[in-house]
Amino acid sequence: MRPGAGAVLVLTLFAGLAAAGFARAQDAAPQTCEVPSHLLSTESTLPKVAEAVKNARPLTVLVVGSRSSTILSSENSAYPAKLQAALKEKLPSTPINLSVELQTGKSAEEVDANLVKLVEAKRPTLVIWQTGTVDAMRSVDPDDFRGAVEEGVAALQNAGSDVVLVNLQYSPRTETMISAPPYLDNMRVVAQQHNVPLFDRFAIMRHWNDAGDFDLFSTFHGTDMAKRVHACLGRALSKFVLDAARLDQAQQN
Amino acid sequence: MSSIADPVAGTSRSDAKAAAAAPAIALPVAGERELRLDLFRGMALWLIFIDHLPANILTWFTIRNYGFSDATEIFIFISGYTAAFVYGRAMLEAGFVVATARIMRRVWQIYVAHVFLFTIFLAEISYVATRFENPLYSEEMGIMDFLKQPDVTIVQALLLRFRPVNMDVLPLYIVLMLFLPVILWLMKWRADVALALSVLLYALTWHFDWYLTAYPSGFWIFNPFCWQLLFVFGAWCALGGAARMSRILSSPVTMWICIAYLLAAFFVTLTWHIPQLSFLMPKRIEQWMYPITKTDLDVLRFAHFLALAALTVRFLPKDWSGLKSPWLRPLILCGQHSLEIFCLGIFLAFAGHFVLAEVGGGALTHALVSLAGILIMWGVAWVISWYKHSADKGASKTKIAGGNADMAGGSA
């Protein structure tokens, strides 16, 4: 072989990539954690939420999630609390009652068993169900996972609540150890089939990482970054909920 | 979807009658190495490597972004093709026992390679586990808990039941190779019966939902009962099937069906990348089509691979002069030493993740890591081939006799 020719090929490729890389680095946005609009809009709706707000009834929100729905020892900075704050700000005339039920270390199927109990106790207008992480870590059969999410969503809807699904975090550090795609796909399928809005936390966080808002590879040990990410997630989730309830325009007018 | 697979199966049967007088399998003439196989296997290895790294600019060059199937299909098909080519010849010339013995030696090599990779993986994640405590990911870090019981985990890994992410292809390959003697023996008797049995197994697996369990829960990411179809189909093509299909492959009807299917698949994948387009997808088709499972080698994926392969064979003739060009040399070289380069690719993907995690960095670093990995793969492939031709004992001798088998793809 002629190594010279190969080297030229490689160098050309390299130069092209370097140019592309610099171009990207330059237009990287400042730390605003903006979310592309397609990640915050959904075809599915939240009729119960819309009705409650329009009739000025209190909005009861229940967040059911695993450990990634909180920040250890600073719950008030986690995304559910930020969501509540943002909703209060945007819906000043509606009382917002938000509670969080952590189901640490439980798979979707195990959470199913508790869902009905939780909903009966609190009678929420909206249940935000964050799931998938535990199942992915245990590599539960994706078909079983889909079945469990379907069952849970159906139970919540039967109990009279609107549902928003929240999928896994984008976690580049554990990408070699946890296989997220099958669980992301199956949640998308369930959301589509049951007409449930899916808050694509994974895609949003990956967008922030790519755009340079957050360096999610960081080994930084403090809670500072976790707090900032959760603040951004809470704000994005509030926009998403209002969009799904088709309330955003109404409020602005 | 099955429109492409059907004519293939259909005519093979009628052609079989015509060829009944001839021996059941026809081996291609020995001699010229089929460089197209090396080229595409090398490409598959590069793509698998890139797909295993975090997404970056190079990821947009991988075929999984443009259709249903990805590099794994290419890799398994070509592996079946070359394995049948090499060991099929051994079976004809030296008999069942000798061929089986050689195959088992190969299986052992692949197993050892897998265990070696697992060791490296253990080292990497033990390191990460102790260094990385970002509170944002305290939940995900729970995945390291398996380190707390190495007694179980390591034994399960040796049994091929515990496979960390990205380490699923070699176990699949080991199982497929284990059954290669039986497959070849069947092929020698009646090639089409072997292929038909393979299709039957695929269909039954879909019907009865067969799978192999994994540790600590779940199942094999690549279901061998399904993926064997590609492997056996590759073997069938190598043992004369491809030649018998040549009339179908050269027909313009086939070509247009393939193009139409590839375009449709491209459009569907486009709706994944640009969700704004998804309103164009009829809900009914979505519900029928999704999920397109990789685990069970969805028919849509298989058909996509067939369409790609058919067009490739049509537009890239065996004697295309480009195959000898130095520009494609790095790819071909990697394809010629696929087991080594495959393992290296998996290792480099681990290492790349690690570097990115430690150094951090933006799009440029990501692309650089991918590119560096590819350069290393090329360099190592070059060194291996140098060993084979110049440094090894008896390198000059094997060029004539045994070397041919090894070259034509004895290596994975």
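B:Ala372 counts as partly exposed, because it has 15 C-beta neighbours inside 10 Å. By the cut-offs used, a residue is buried if 20 or more other C-beta atoms lie within 10 Å of its own, exposed if 12 or fewer, and partly exposed in between, with C-beta atoms placed from the backbone. The model is predicted: local features need pLDDT of at least 70, side-chain atom pairs count only at pLDDT 80 or more, and totals for chains, interfaces and linings use all residues. Residues are numbered from 1 along each chain as its sequence is written, while chains are lettered from A and ligands numbered from 1 in the order in which they are written.

B:Ala372 sits in helix 16 (residues 363-391) of chain B. Helices (H or I, at least four residues) and strands (E, at least two) are DSSP runs, numbered from the N terminus. The C-alpha atom of B:Ala372 is 9.4 Å from that of B:Leu348, 24 residues away along the chain.

Chain A holds 10 helices and 5 strands. Of its 253 residues, 47% are buried. Contacts are pairs of residues whose C-beta atoms, placed from the backbone, lie within 7 Å. Among chain A contacts between residues at least 6 apart in sequence, 83% join residues at least 24 apart.

Helix 2 (residues 47-54) of chain A has the buried residues A:Val49, A:Ala52 and A:Val53. They lie on the same side of the helix, because their arc around the axis is only 95 degrees. This arc is taken from the directions from the helix axis to the C-beta atoms. The buried residues of helix 2 pack against strand 1 (59-65), strand 3 (126-130), strand 4 (162-166) and helix 9 (224-244) of chain A. Exposed A:Pro47 and A:Lys54 are on the face turned away from the buried side. Just after helix 2, A:Ala56 takes a positive phi of about 55 degrees.

Notes: Contact = placed C-beta atoms within 7 Å.
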